[in-house]
Amino acid sequence: MDDIMSSIDDYCCAQSTLHEKMLDEIERTTHLKTLSPRMLSGYLQGSFLSLISKIKMPENILEIGTFTGYSAICLAQGLSKKGKLVTIEYDEVHGAIADSFFSKSSYNNQIELIIGDAKEIIPTLNIDFDLVFIDADKASYVTYYNLVIDRCNSGAIIIADNVLWNGKVIEKKLDKKTKLLDDFNKMIKSDTRVENVILPLRDGINVIRKK
Ligand SMILES: C[S@@+](CC[C@H](N)C(=O)[O-])C[C@H]1O[C@@H](n2cnc3c(N)ncnc32)[C@H](O)[C@@H]1O
């Protein structure tokens with residue numbers, strides 16, 4: 001990030017609200033105990049996820065890619081009283097860190113962490129979703145979308161992270177991973193079942209609403 005963008009990011013963080021002491025602790029632990037702390041959503045994107053969830057007040061949230069639990073806690077803030085968040089994580093070490101935070105959070109009874117491959121687990125879930133956050137392996141975004149779209153209620157919001165892939169989507173020649181994300185964005189744009197907007201927040205998020 002160049003200096004001006006970094007300063008703008010700092011300003012946006014300073015002037016945005018995200019209340020939950022535990023998030024700082026998750027961020028610290030993630031830096032200490034994982035090899036890729038950059039995967040964590042962070043303050044600004046976390047504020048966005050929290051606010052969208054609070055506006056939507058979902059009964060059921062699905063998160064694909066828990067990592068250490070930061071985004072799950074942000075999303076859980078908007079759950080309706082009886083609402084539930086299912087979050088799926090492939091890596092047991094990441095899952096154990098996330099679980100240690102979920103169990104001491106006020107959302108303990110509302111968050112269900114499932115360890116395994118999201119591609120195998122999603123078809124076994126007998127739930128219709130109001131909010132979905134896609135944030136696991138980028139090569140599978142099209143698969144995840146196809147697995148969840150028919151399980152989303154009308155008006156549901158699907159948010160896909162990292163869709164600008166470090167700005168690489170605008171390069172003339174796309175590498176394999178970038179091409180998959182570009183294909184995903186193009187598929188969403190042409191899907192008449194949904195409307196969407198891509199926001200250049202952090203690494204780019206595609207915010208999709210099922211009609
Ligand atoms: C970018 S991180 C998620 C960050 C998290 N949502 C946050 O904002 O703090 C992606 C996570 O997805 C997990 N993952 C990758 N492939 C997966 C799969 N097929 N099923 C479930 N989880 C997967 C990775 O182990 C990693 O922890």
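Q: Which helices and strands each supply at least two residues of the shell around the ligand?
A: Those are α4 (70-76), β2 (84-89) and α6 (118-121). Keep in mind that this is a predicted model.

Q: And which residues come nearest to the ligand?
A: S41, G65, F67, S71 and Y90, out of 18 residues around the ligand.

Q: How does that shell divide into nonpolar, polar and charged?
A: Eight of the shell residues are nonpolar, four are polar and six are charged.

Q: OK, on to the core. Which residues touch the most other members of the largest nonpolar core?
A: I73, L75, V132, I134, V148 and I158 do, in a core of 52 residues.

Q: What is L75 in contact with, leaving aside its neighbours within four places in sequence?
A: L75 has contacts to L49, S53, I61, E63, L85, L131 and F133.

Q: Now β4. How many of its residues are buried?
A: Six of six, so the strand is mostly covered, with a residue counting as buried if 20 or more other C-beta atoms lie within 10 Å of its own.

Q: In which sense does β4 pair with β1, and over how many bridges?
A: β1 and β4 pair in the parallel sense, over four bridges.

Q: What do the buried residues of α7 pack against?
A: They pack against β1 (60-64), α6, β4 (129-134), β5 (152-161) and α8 (176-190). V148, one of the buried residues of α7, is also among the core residues that touch the most other members.

Q: Last one: is I4 buried or exposed?
A: Exposed, because I4 has 8 other C-beta atoms within 10 Å, and 12 or fewer counts as exposed. I4 lies in α1 (residues 3-14).

Q: How far apart are I4 and K189, in sequence and in space?
A: I4 and K189 are 185 residues apart in sequence, and 31 Å apart in space, C-alpha to C-alpha.

Notes: Residues are numbered from 1 along each chain as its sequence is written. This is a predicted model: local features need pLDDT of at least 70, side-chain atom pairs count only at pLDDT 80 or more; totals for chains, interfaces and linings use all residues. A residue is near a molecule or strand if its C-beta atom, placed from the backbone, lies within 6 Å of it. Ala, Val, Leu, Ile, Met, Phe, Trp, Tyr, Cys and Pro count as nonpolar, Asp, Glu, Lys and Arg as charged, and the others, Gly among them, as polar. Two residues are in contact if their C-beta atoms, placed from the backbone, lie within 7 Å. A nonpolar core is a set of buried Ala, Val, Leu, Ile, Met, Phe, Trp, Tyr and Cys residues joined through C-beta atoms within 7 Å. Two strands pair if DSSP finds at least two bridges between them.
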